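I opened my notebook to record what I looked up in this structure. I wanted to follow the strands first and then turn to a helix.

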Amino acid sequence: MDRIFRVNMGSLKVSEEKVTGDYLGLGGRGLTSMVVSKEVPATCHPIGQHNKLVITPGLLTGTTAANSGRLSIGAKSPLTGGIKESNVGGTAATKLARLGIAAIIIEGMPEKGKLFGLAVSKDGVKVFPADDLKGLGNYELTEKLQSKYDKKVGIISIGPAGEMKMAMASIAVTSTNGTPSRHAGRGGMGAVMGSKGLKAIVIDDTGAEKVAIKNPDLFKEASQKFVKALREHPVTSQGLPTYGTNVLAAIINEAGGYPTRNFSSGRFEGTDKISGETMHDIISKRGGKTTHSGCTTCIIQCSNEYVDEKGKYITSALEYETIWANGANCGIDDLDAIARMDRLCDDYGFDTIEMGCTIGVAMEAGVKEFGDAEGAIQLIHEAGKGTPLGRIIGNGAGFTGKAFGVVRVPVVKNQGMPAYEPRAIQGIGVTYATSTMGADHTAGYATATNIMKVGGYVDPLKPDGQMALSQNLQITTAAVDSTGLCLFIAFPALDIPECFEGVIGMLNGCYGLNLTPDDVAALGKKILKIERDFNERAGFSNVDDRLPEFFKEEKLPPHNITFLVPDVDLDKVYKF
Amino acid sequence: MQVTVKLHASLRPYGRNDSNNSLFPLETAEKVTVREVIRELRIPPEKVRMILLNGRGVATDSILSNGDRIALFPPEMAFNMYVAISFRRDLNH
């Protein structure tokens, strides 16, 4: 993997170069953030000609490593105004890596109103006109492209939301079942792609050679160790494949950390109707798939295929975050309605987390009532069709809060909060506040060794120890996001030491290196520093590393507590 | 005294409720421990990985009071990172 393709959407010229200099040894989030930091002026307009869209597989992507099919998409974010890496599974990353491609960098802007596509194959990258695809939803778009090219191609695309350059527009990636159901959702990467006049990237890896492994024996041994840990651990071998990521709903709700009705309570009375267990029972009864591999090389299989009462496919991977955002956060306990909302978001190309957060704020404003599922669905249609109300919704929770004069708006750096209440789980509040990405739950999911170093038990309802905890999690996560591995490897990594040893062994085997856990931590720190530096140049300072004031003032039931971590602690997160 | 018990995922069959919503009241002796409740319900101890008492993580030797709500989770459900480090006392090393 040493080829970088640059596509200039102004001149429509494609050039190829080797990975050199500062870009050597990086992949995934490390590479997207380095390219954005080096090449994108921090003060540029996110949907103007100086921003760049950077698409990279991870360091282990394309190899036989299990769960290595993650793709990083980076740019300056139209939602936050800071640096962004949005991470997505599906089939595209593995195909790019097998073609030897370390990065595709989309630059410049075309003539107004023109739309193009990219065809990527062993012969390189070619631009094709795509005006005929204008306005298509991701589902119809991928079907068209699959019939024109091949069923087996990987497709990266945007729906109408991206074309309209809405700040919550996602980028879709086709799943192993060929549907556009995997999304780089967060931060409006779809709007950047839309601003470049790029509708779709079609990837055909036919004839690609195997990814070279420097030390095959070491790689194989480490890879087996890693697989054994994933297969042994109860969460990755039973919990996630049986109940999907929604396995978390019952736990987080019971712990009082399940944000309900626009973050006004930590427990939702309708959780049993939308929990992982209920979802499993409904899908089983209707003949859908409770388990399914969404991403290439995945052996966890947390995905599912949700079907209607007649057994017809509605959407794939109804996920914890989506179900929470468009469910509990909007007071909605109807799983069928939530599935339709997920399908609509995937088709129009919206981030389901930002959408649910935004609908919650709109409901707070009285645009619709909490619990009104049909009203919520109507708001998604308005956004997808670009009506005046839809233009407000499509630009996210912060924008919608301003438009309707709402104070309780759960955003940090203008990005909507995910499904964990920072008052009930104070550690994630630190991550939301300080992450370079804005309110982001994945920025603080991490692996064993670093967690153990933090020193064990941290009471979720107290401020003590949360800063150090979040700091370590963020460092390790930045490194894991560079490998192309799924973050769920963190579950076994917590309990089984061989899991993390396997990850380091695979990196060493693949590249002929002698990395230690400390080197991995150093990589994480380097990435965070680069991102932090970009944000500072873009105008961010420590006052942006704060939760909205209502978290410090309104007591959250059932524990009746506020966010207690002091600002001085938040300011220490980047002192490493 | 009476407590409310909520069982999750593969623990659901150990419930005492015909309505299958896995939430049920349980009459117990005064000062009963979580361990004793688990035994009373005939749940093998290794099948309980995480215990939340009124929404807070506790160990099996915790003593219950009248009106308490306890939720029991099996290994395949126990945890995302934050939950893990925050609620599992056995990781305190």
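I started with chain B, which has 2 helices and 5 strands. The model is predicted, so I kept in mind that local features need pLDDT of at least 70. Reading along the sequence, I noted the pattern β-β-α-β-β-β-α for chain B.

Next I asked in what order the strands of chain B form their sheet. I found β2-β1-β5-β3-β4, in an open sheet with mixed pairing. The edge strands of chain B are β2 (23–27) and β4 (56–57), and each pairs on one side only.

I then looked up one pairing in chain B. Strand β1 (residues 2–7) and strand β5 (residues 69–73) run parallel, joined by 4 bridges. In this chain, Thr4(B) stands opposite Arg69(B) of β5(B).

I also checked burial and contacts. Chain B has 93 residues, and 40% of them count as buried. Among its contacts with a separation of 6 or more, 63% come from residues 24 or more positions apart.

I turned to chain A and helix α12, residues 335–348. How far apart are its end C-alpha atoms? They are 20 Å apart, which agrees with the 20 Å that its 14 residues should span at 1.5 Å a residue.

Is α12(A) largely enclosed or open? Of its 14 residues, 12 are buried, so α12(A) is largely enclosed by the rest of the structure. I listed some of the buried ones, including Leu335(A), Arg340(A), Asp346(A) and Tyr348(A).

Last, I looked just past the helix.

Definitions and conventions
Residues are numbered from 1 along each chain as its sequence is written. Chains are lettered from A and ligands numbered from 1 in the order in which they are written. This is a predicted model: local features need pLDDT of at least 70, side-chain atom pairs count only at pLDDT 80 or more; totals for chains, interfaces and linings use all residues. Two strands pair if DSSP finds at least two bridges between them. The expected span of a helix is 1.5 Å times one less than its number of residues. A residue is buried if 20 or more other C-beta atoms lie within 10 Å of its own, exposed if 12 or fewer, and partly exposed in between; C-beta atoms are placed from the backbone. Two residues are in contact if their C-beta atoms, placed from the backbone, lie within 7 Å.
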